[in-house]
Amino acid sequence: MVHFLRGEQQHRVISVRYHTATTFVLRFQRDELTFKAGQHVTIGIPDIGEMREYSLYNAPTDDFLEVLVKIVDDGRLTPRLALLKPGEQITVDGPNGYFTLRPGSLDRHHLLIATGTGISPFHSFVKSHPDLRFTLIHGIREASEACDRADFNSGAYIACTSRADDGDFMGRVTDFLKDFQIPADSEIMLCGNSQMILDVWELLLERNIPLERMRQEIYF
Ligand SMILES: Cc1cc2nc3c(=O)[nH]c(=O)nc-3n(C[C@H](O)[C@H](O)[C@H](O)COP(=O)(O)OP(=O)(O)OC[C@H]3O[C@@H](n4cnc5c(N)ncnc54)[C@H](O)[C@@H]3O)c2cc1C
């Protein structure tokens, strides 16, 4: 499929679906936008000058677009996105990015590691490739932050909770990885905050896994 660069366009909000008090899925009209799972768009609100990047959460075949957003308390954009109502307009640019499934890698195991809303591109992978062989390690504070958990094969999704012992593993993703045997053919993909990504790199390098086997999308 050819993906044309469209420049900024106005898209109408369809719904705002809250997962927790601070995380929601913003669904908006797709219009002419096409993308590959793992890509992101840049979103703004017409009266705010700044735009921010958001990974697309849904499958490329859906007839709508979704992003999973965490409200940053003193953030410029996210508190405003949280107030959007169906029918209002947002400015959308993109898609952009190369954090996509590597051509020819679909028969390999994927080790997907995320913190918080960094699960978004992986949700899009799994929705668009239901047969994908993967283990998803998700770092969150408590089990209620495990968004749309039922969309991932049971057993392949591991919630690592850092504040409450109500997930699959109590501790950070790096604690979980210490005893995890990484399949030799794994494609390793990391998404979320930069500290987690640095910590995982360090741990995998200690196991002599070369950096070339890992790809990452850093949110902040
Ligand atoms: C390629 C890419 C894809 C991204 N995809 C997503 C996504 O799918 N969902 C999503 O929620 N965010 C995503 N982000 C982060 C997003 O672009 C914004 O930075 C974030 O929403 C904050 O915007 P803001 O204007 O409210 O805060 P700002 O006014 O820009 O920033 C306020 C402060 O919040 C920090 N911050 C940014 N994100 C977080 C966070 N999640 N938790 C805590 N502190 C944070 C910033 O470092 C900054 O110090 C992505 C970033 C990149 C680069």
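## Reading the strand names

Strands here are DSSP runs of E with at least two residues, and they are numbered from the N terminus. Please keep in mind that this is a predicted model.

With that naming in hand, three strands stand out around the ligand: β4 (52–55), β5 (64–70) and β12 (214–218) each bring at least two residues to its shell. The top contributor is β4, which gives four residues.

## Who surrounds the ligand

In total, 18 residues surround the ligand, and the closest are Arg52, Glu53, Tyr54, Leu68 and Thr78. Sorted by class, the shell holds eight nonpolar, five polar and five charged residues.

Which domains does the shell draw on? At least three residues come from each of domain 1 (9–96) and domain 2 (110–218). As for the site itself, the ligand takes up the space of the largest pocket.

## Polar contacts and cover

On the backbone side, a polar atom of Leu68 is 2.8 Å from a nitrogen atom of the ligand, and a polar backbone atom of Ser55 is 3.1 Å from a ligand oxygen atom. Thr117 takes part through its side chain, with a polar atom 3.2 Å from an oxygen atom of the ligand.

How much of the ligand's accessible area does the protein cover? On its own the ligand has 900 Å² of accessible area, and the protein covers 76% of that.

## Two backbone details

Most residues other than glycine have a negative phi, and most peptide bonds are trans. Two places in this model are worth a look with that in mind.

The peptide bond from Gly94 to Pro95 is cis, with omega near 15°. Pro95 itself belongs to strand β6 (residues 89–96).

Asp31 is not a glycine, yet its phi is positive, at about 50°. You will find Asp31 in the loop between β2 (23–29) and β3 (40–44).

Notes: Residues numbered from 1 in each chain as written. Predicted model: local features only at pLDDT ≥ 70, side-chain atom pairs only at ≥ 80, totals over all residues. Heavy atoms only, no water. Near = heavy atom within 4 Å. Polar contact = N/O pair within 3.5 Å; in protein donor to acceptor, adjacent residues only side chain to side chain. Areas by Shrake-Rupley, 256 points an atom, 1.4 Å probe, with all protein chains shown as cover. 1 Å grid on protein atoms, 1.4 Å probe; cavity = no way out; pocket = protein on both sides within 12 Å on 5 of 7 lines; lining within 4 Å. Sits in = over half its atoms within 2 Å of the grid points. Nonpolar A, V, L, I, M, F, W, Y, C, P; charged D, E, K, R; others polar. Domains from an automatic or database assignment.
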